[in-house]
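Welcome to this short tour. Keep your viewer open and follow along, one selection at a time.

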Amino acid sequence: MDEFLAAAIDEAKQGLAEGGIPIGSVLVLDGKIVGRGHNRRVQQGSSVLHAEMDCLENAGRLSAADYRRATLYSTLSPCDMCSGAVLLYGIPRVIVGENVTFQGPEAYVASRGVEVTVVDNPECKHLMASFISANPALWNEDIGE
């Protein structure tokens, strides 16, 4: 398994251990992780701290040139909000652990020039399927349903 996806999975597991939703993300620049995050909506009482948003926040301020060389890894297909951040900052590549339990606007993001790769990782699918089965109301809140 890719070391960066493994790091995103570790973030997802950390979120689950904290009582949150098991989605993780890392931002990679020049072969190094510059930001890590996991869904912390429950833990922080936040409306916006999806894994990708937490990751970007933890990466801190980067230049436009840095974003244009970066790759965002996420254990789950990014939602509209997180995909919007990818487009806003010009992140050219997104690696998605799985998009079976949820699929964001991947086709739209790709139509805007972003390379979206779905790796269909079994561990990512298991984390989400188990969580959704045990916490359907919390999951529906997270995706705005």
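Start with the lining of the largest cavity, which by class has six nonpolar, two polar and one charged residues; here Ala, Val, Leu, Ile, Met, Phe, Trp, Tyr, Cys and Pro count as nonpolar, Asp, Glu, Lys and Arg as charged, and the others, Gly among them, as polar. This is a predicted model, where local features need pLDDT of at least 70, side-chain atom pairs count only at pLDDT 80 or more, and totals for linings use all residues. Residues are numbered from 1 along each chain as its sequence is written, and side-chain values use heavy atoms, leaving out hydrogens and water.

To see that lining, select Ser77, Pro78, Ser83, Val86, Val94, Pro105, Glu106, Val109 and Val116. At least two lining residues come from each of H5 and helix H6 (106–111); helices are DSSP runs (H or I, at least four residues), numbered from the N terminus.

Next, show helix H3 (residues 51–59) beside helix H5 (residues 80–89): they pack at an angle of about 35°, with axes 8 Å apart. Axes are lines fitted to C-alpha atoms over the stretch in contact, and angles run from 0 to 180 degrees between N-to-C directions. Glu52, Met53 and Leu56 of H3 meet Met81, Cys82 and Ala85 of H5, contact meaning heavy atoms within 4.5 Å.

Finally, pick the cysteines. How many disulfides does a search of the whole structure find? It finds zero, a disulfide being a pair of cysteine sulfur atoms within 2.5 Å. For Cys79, the nearest cysteine sulfur, that of Cys82, is 3.8 Å away.

Definitions and conventions:
On a 1 Å grid over the protein atoms alone, a cavity is a set of points where a 1.4 Å probe fits but cannot get out, and a pocket is an open set with protein on both sides within 12 Å along at least five of seven lines; lining residues have an atom within 4 Å of a point.
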